[in-house]
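I opened a notebook page for this structure.

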Amino acid sequence: MRRRTPTAGLTLALFAAVTATLAGAPASAVPAPVAAAPALAAPDISVTNVQAHLTQFNTIATSNGGNRRAGSAGYTASVAYVKGKLQAAGYTVTEQTCTTCTYPGSNLIAEWPQGPADQVVMFGAHLDGVSAGPGINDNGSGSATLLENALVLAAQNPTMTKRVRIAWWNGEEQGLQGSKHYVNQLTTTQRGYIKGYYNFDMVASPNGGYFINRVTSTTAAPLKAYWDSLNLQPEENTEGQGRSDDYSFANAGIPTSGYAAGASYTKTAAQASKWGGTAGAAYDGCYHRSCDTTSNINATILNRAADGIAYAIWQLAVGGTPTNDFSVAVSPTSGSVARGGTTTATVSTATTSGSAQTVSLSATGAPSGVTVSFSPSSVTSGGSATMTVSASSTAAAGTWTITVTGTGSVTHSTSYTLTVTGTGGCVGGQLIGNSSFESGTTPWTASSGVITSSSSQPARTGSYKAWLDGYGTSHTDTLSQSVTLPTGCASYTLAFWLHIDTAETTTTTAYDKLTVQVGTTTLATYSNLNAAGGYQQRTFNLAGYAGQTVTLKWTGVEDASLQTSFVVDDVTLQVG
């Protein structure tokens, strides 16, 4: 992605240009909606194969001065690598010299020679990097995902309803120069042939998110539909507006969209909550730096981007009789109910391809004493139902994830978060979910790598525990879980086992600290001065929080040198 400081004027100018384009473009200029889906299912793109291409780009950079900047030997070798793969697969491949680029070099244009030539769906990514490093996330990731998608399309060789054209751009980092040159060389008729352009720039950021260019547009529909099917809740790519090659096409009146995972902007707490990762840190801490290597890749985001591209290609350009398919969603996505009460939500469905079908609704994951019903219990896709959640007087208090499932010719699910609050007499029990960390991360929220089975720090029981800090550098780790405490109980005891070891040698100064909080109240603070062999149990009385939903949080803060590890295991909140 090209580096710049976004301005409000440029953002508004792009918004106005795209809005005017959509308002004035003929119907034929917009890609077919998702409802025109093909019969053939989109293939699963191997993330291992995508990463193999990234390894090649990294090797090319290493062998050519450490980078793949436009005009460099590394860029030329990258073009040759991609071109060789495409030609062997049967693509019509053209190298277009960008004579107006700061570093004259080739745009690489590949076209799959099937489908009508006047009905083109185009995909693109910039192949160049910056001189500071090998440019693997920025933008080997977009280039590699498109290359592997191109190879899979050729291998499957399906019947095409549109022509697929894929471009790898020169000179993006100098101001979108390669894509501007390409668009400027097109005649008015040739521009009209392109029914949509999809851009992929930085789609594997290590602390990334799920962003879509013009996320609510018709053009974005297939990209959004795939990520919606994974319940990823994508957001608008505000950071990327006007900063990548889709801008060249939007300025020419061509509808655009694309995926991105973020660059130097900071991940918010809300984004970290729904996507994971670290709030307050950049999506890509190695953006435009030498550390942008194959180690700077989030394989999960990369895989989802690659598969989403395949889904879009098959939705937009692969022919056949449409397969009947649908989507399911619940709104709101969370709710609260007191014992003896009810709450409702709306379950909506949509026909995403083929014809409408009957969808039966069901729910799993409700706690003891909670029932979930639907009215009606089945709908025709495109319709909606009311979901009613009822809690008995003895329902288990706490926060639970309910899976709402729609079953038709296929099955789709979505999640609803339910909080049961206590009223009346005490319903005792242990409230902490996954208290020994043996069941993955749910329902914990933790910094990356905190919940681990690493043998470097033994668990008190089982294999997993929460290991905060221990890096020997300035570092902050967090661990938290929200719980609802019932009313009317005689005791509310929070207990956890804590092991602290340290390389600090002081006996007087607390350099590294672990703070334990309930809500905004600090229960205790531990430090390197509390280091001891083995685990020690810590207990606290939370009776003052009865009837409340609170967040229990452990925050470990480490200074710039000499590690201290805070290891937490077997967390319980026993009420009775």
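Is Cys101 buried or exposed? I found 6% relative accessibility for Cys101, so it counts as buried (under 20% relative accessible area; exposed is over 50%, partly exposed in between, with a 1.4 Å probe and protein chains only).

I noted the ground rules next. This is a predicted model, where local features need pLDDT of at least 70, side-chain atom pairs count only at pLDDT 80 or more, and totals for chains, interfaces and linings use all residues. Residues are numbered from 1 along each chain as its sequence is written, and side-chain values use heavy atoms, without hydrogens and water.

I then looked up the disulfides (cysteine sulfur pairs within 2.5 Å). There are two in the structure.

Cys101 pairs with Cys98, with 2.0 Å between the sulfur atoms. I read a torsion of about 90 degrees about this S-S bond, so the disulfide is right-handed. Cys98 is at 0% relative accessibility and therefore counts as buried.

The other entry is Cys286 with Cys291, S to S 2.1 Å. Their link is left-handed, at -115 degrees about the S-S bond. Cys286 is buried at 14% relative accessible area, whereas Cys291 is partly exposed at 26%.

From first C-alpha to last, α10 reaches 27 Å over its 19 residues. That is close to the expected 27 Å (1.5 Å times one less than the number of residues). In α10, 15 of the 19 residues are buried, so the helix is largely enclosed by the rest of the structure.

Methods:
Helices (H or I, at least four residues) and strands (E, at least two) are DSSP runs, numbered from the N terminus.
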